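Have a look at the model first, then read on.

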Amino acid sequence: MIKRALLSVSDKTGLIDFARALHELSVEMLSTGGTAKALREAGIPVIEVADYTGFPEMLDGRVKTLHPKIHGGILGRRDLPEHVAAMGQHGIGNIDLVCVNLYPFVATVSKPGCTLEDAIENIDIGGPAMVRSSAKNHAFVTIVTDPADYAKVIDEMQASGGAVSDKTRFSLAIKAFEHTAAYDGAIANHFGKLVEESEFPRTINLQFQKAQGMRYGENPHQNAAFYVEAGAKEASIATAKQLQGKELSYNNIGDADAALECVKQFDAAPACVIVKHANPCGVAYGKDLLEAYDRAYQTDPESAFGGIIAFNGELDGETMKAIVERQFVEVIIAPKVSAAAVEIAAAKKNVRVLECGQWPAEPGKRLDFKRVNGGLLVQEADLALSNEIKVVTKRAPTEAEMRDLLFAWRVAKYVKSNAIVYARGDMTIGVGAGQMSRVNSARIAAIKAEHAGLAVPGSVMASDAFFPFRDGIDNAAQAGIKAVIQPGGSMRDEEVIAAADEHGMAMVFTGMRHFRH
């Protein structure tokens with residue numbers, strides 16, 4: 001039975017309604033500072049913690065709730081006679097519910113110009129102590145750290161004469177420890193960067209929330225689950241809303257992420273990216289999404305079967321109809337999906353349709369992580385496209401060739417290394433991915449083009465890294481490639497450039513490699 005509650009929150013979302021409901025359930029409320037002021041202004045009876053403990057707030061508010069009458073009331077076990085006796089001897093009453101969320105440390109340090117002093121003063125001490133005390137004693141105390149849980153707590157109290165179930169108290173206690181873990185992790189990450197004088201802190205503390213369990217992982221014998229980053233906002237597979245279809249699988253999520261991140265590179269016109277096994281197998285612009293899809297599909301119809309399709313604009317009914325009538329598809333994702341498209345997709349109930357929202361023109365800076373046995377590789381996400389666009393051959397690309405080169409370069413960034421992309425007229429002609437030899441990747445791109453009935457002569461070629469020898473250029477010229485884009489930086493750059501000149505090819509250096517392992 002909850003008879004006394006302590007409320008002290010930084011985030012006051014839903015506070016007044018929650019407190020009013022507690023008051024109607026005859027719960028006595030203790031509070032501090034701004035929370036107490038907000039309750040009084042709303043006409044809700046509240047006792048200041050300083051009046052309850054008989055000890056004033058001090059040290060500029062650093063010491064408010066760190067008192068035996070508070071922590072004894074939270075931590076005392078009601079089932080142990082010696083605890084009950086000690087609390088009675090010292091006039092300590094039970095505190096049955098604690099509603100606390102912490103100083104906004106992350107919001108504070110995210111502000112431009114945040115000083116070391118500002119960061120330090122926004123480290124909450126009393127709050128985490130009360131949260132952890134309450135969570136530890138959850139057998140008797142209900143701890144609420146998230147406004148989203150207010151209604152559930154009130155509903156249970158109203159239904160049970162003022163009590164909260166053991167199951168709910170335990171769940172809220174674990175949520176409280178998750179809350180303090182994230183808070184302490186954010187503090188350690190921030191100050192760890194200052195110690196290291198680097199964007200990579202001395203230790204790295206990450207928190208992800210379980211979004212769904214899965215039938216299995218990459219293979220049926222592997223258990224799996226999908227976790228999302230706390231506070232993720234930018235359009236992504238983690239924030240996308242599934243409008244219909246079967247539950248996403250482990251491989252669906254990985255491939256959908258690859259498709260979406262690739263299509264984000266294209267904004268000059270309606271664009272479509274088709275991905276199979278984490279590699280783009282077809283990419284194209286079009287006058288509309290239907291044409292973009294048709295052209296992307298033409299690149300490699302064989303690989304498109306069972307693939308993932310991503311668009312950079314609102315998916316319309318006509319395009320959806322073309323997809324579901326033409327091919328088997330696992331996932332379709334777009335920033336927005338029209339009602340007509342949703343209606344058409346409903347005929348194929350297993351097709352997963354996702355709406356991710358519009359992404360910003362410039363992506364937010366972030367880190368990428370790769371797990372290795374016993375460790376974690378951390379790097380800046382590869383968000384840039386090039387350092388420069390420098391013509392290094394005697395012949396400069398034509399305007400049309402340059403457009404195709406930049407198009408192919410955007411695709412190559414998302415193809416597994418070694419990556420070779422042939423393109424012409426705003427569409428991929430052939431994609432060679434994931435080979436140990438760059439020359440073999442080029443051969444595969446040509447084979448793909450041949451199988452799709454697409455002519456390579458007149459196309460351009462993009463390579464995600466430099467050519468170590470001239471043979472890659474000689475083979476490209478033999479296939480009919482007219483222009484090449486690559487990072488440059490090989491010891492044999494002069495030899496490679498000379499080969500391009502011999503063949504009358506144009507070559508552009510970007511000064512930036514895009515390995516994707």
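In what order do the five strands of the open sheet come? The order is β3-β2-β1-β4-β5, and the pairing is parallel. Strands count as paired if DSSP finds at least two bridges between them. At the edges sit β3 (47-48) and β5 (142-144), each pairing on one side only. As background, strands of a sheet pair through backbone hydrogen bonds, either parallel or antiparallel.

A word on where this comes from: the model is predicted, local features need pLDDT of at least 70, side-chain atom pairs count only at pLDDT 80 or more, and totals for chains, interfaces and linings use all residues. Residues are numbered from 1 along each chain as its sequence is written, and side-chain values use heavy atoms, with hydrogens and water left out.

| Strands | Direction | Bridges | Facing residues |
|---|---|---|---|
| β1 (residues 4-9) and β4 (residues 97-101) | parallel | five | V9 and N101 |
| β14 (residues 367-372) and β15 (residues 375-380) | antiparallel | six | F369 and V378 |

The β14 and β15 pair forms a hairpin with two residues between the strands, and there G374 takes a positive phi near 85°. Axes here are lines fitted to C-alpha atoms, for helices over the stretch in contact, and angles run from 0 to 180 degrees between N-to-C directions.

Now for a helix pair. The axes of α12 (residues 289-299) and α14 (residues 317-326) come within 8 Å and cross at roughly 25°. The two helices are therefore roughly parallel to each other, a label for angles under 35 degrees. Where do they meet? L289, L290, Y293, D294 and Y297 in α12 are in contact (heavy atoms within 4.5 Å) with E318, T319, A322, I323 and R326 in α14. By class, that contact has six nonpolar, one polar and three charged residues.

Stepping back, the protein has 19 helices and 21 strands, counted as DSSP runs (helices H or I, at least four residues; strands E, at least two). Its radius of gyration, taken over C-alpha atoms, is 30 Å, well over the 24 Å that the globule rule gives for 517 residues, so the protein is more spread out than a compact globule. That rule is 2.2 Å times the number of residues to the power 0.38. Along its principal axes, the C-alpha trace spans about 95 × 55 × 45 Å.

Technical notes: Angles under 35 degrees count as roughly parallel, over 145 as roughly antiparallel, 65 to 115 as roughly perpendicular and the rest as oblique. Ala, Val, Leu, Ile, Met, Phe, Trp, Tyr, Cys and Pro count as nonpolar, Asp, Glu, Lys and Arg as charged, and the others, Gly among them, as polar.
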